[in-house]
Amino acid sequence: MRHRLDSMGRVKYFTRAIGTIAILAAAVPTFAADVHAEDGVRELRFENHRFAPQTLTVPAGQALTVRVVNTDKETIEFESFKLNREKAVSPGETITVHLPALSPGSYDFYDDFHQDVPEGAIVVK
Amino acid sequence: MILKKLTWAAASAAFGVLLVVQFVPTERTNPPAQGTLAAPPQIEGTFRRACYDCHSNETHWPWYSRIAPLSWLIVHDVTLGRKEVNFSEWGSYYPATRRRKLEWIGRALHEANMPPWSYRLMHPDARLTEADRAALERWIDSALATTSIERSSK
């Protein structure tokens, strides 16, 4: 059965459609966050132009979430070729880097925007 | 009727905003080079053709880079591109930094995600053929074999 919508009906219809899309869009990140909720979470701070701690030691075979907190006044880029990750972090911003279960070894990371920043490493044991 | 009025109002507002944003200044700069990448002419030529607009200080700013909001996107992309890899500042990179940049360039070529499609759309001559990619990857492999692996940690 076909409904013929008048102007007001169309406006209502579009408003509802946009509302539904907005609700779905809001639900996606929530769902994604739940997926990673059980990962090990470690914090890495960028302060005084260096990462702290410089070495994160984590167990092998477990998914890992690294929260990178930039407390400095310059934008940095958390980057690791071995981990295939690169993400800019604005001053005062916190980013989350999700990593799969890693094999034992050392995975270096660095600030790609400032080459004088000492590099750090995620050591998987 | 209501829809028509709404459409007109939205179009007028959009036009007004578009007009106003033209007065927001954007910085299109080409700072002096600090030691460029040393590569054979063919390799350098390919990098220039496909990468230099965003990854060097020799950007050819197109006419549409003067029209907001496109200008903001282009300036943002170039600024970020130069931060990631800047062939005009190659000489100022530490050996470890050069090595990392080469590794990332190699990966980007291998995964064929550079130059981005949005750039290729307006710059068809920037497309890389399989032969171009293979030549660049071979050169990167040989450069990585000879680049010092000195660490940048202090």
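Reader: Which residue stands opposite Arg45(A) in S2(A)?

Author: That's Ala52(A). Keep in mind that this is a predicted model.

Reader: OK, and in which sense do S1 and S2(A) pair, parallel or antiparallel?

Author: Antiparallel: strand S1 (residues 40–47) of chain A pairs with S2(A) over three bridges. In general, strands of a sheet pair through backbone hydrogen bonds, in either sense.

Reader: Switching topic: where is Lys73(A)?

Author: Lys73(A) is in the loop that runs between strand S4 (64–70) and strand S5 (76–80) of chain A.

Reader: Is Lys73(A) buried or exposed?

Author: Exposed, because Lys73(A) has 8 C-beta neighbours inside 10 Å and the cut-off for exposed is 12 or fewer. Its C-alpha atom is 13 Å from that of Ala88(A), a residue 15 positions away along the chain.

Reader: And chain B, how many residues of H1(B) are buried?

Author: Zero of its 20 residues, so H1(B) lies largely in the open.

Reader: What span should helix H1 of chain B have?

Author: At 1.5 Å a residue, the 20 residues of helix H1 (residues 2–21) of chain B should span 28 Å. The end C-alpha atoms of that helix are 28 Å apart, which agrees.

Methods: Residues are numbered from 1 along each chain as its sequence is written. Chains are lettered from A and ligands numbered from 1 in the order in which they are written. This is a predicted model: local features need pLDDT of at least 70, side-chain atom pairs count only at pLDDT 80 or more; totals for chains, interfaces and linings use all residues. Helices (H or I, at least four residues) and strands (E, at least two) are DSSP runs, numbered from the N terminus. The expected span of a helix is 1.5 Å times one less than its number of residues. Two strands pair if DSSP finds at least two bridges between them.
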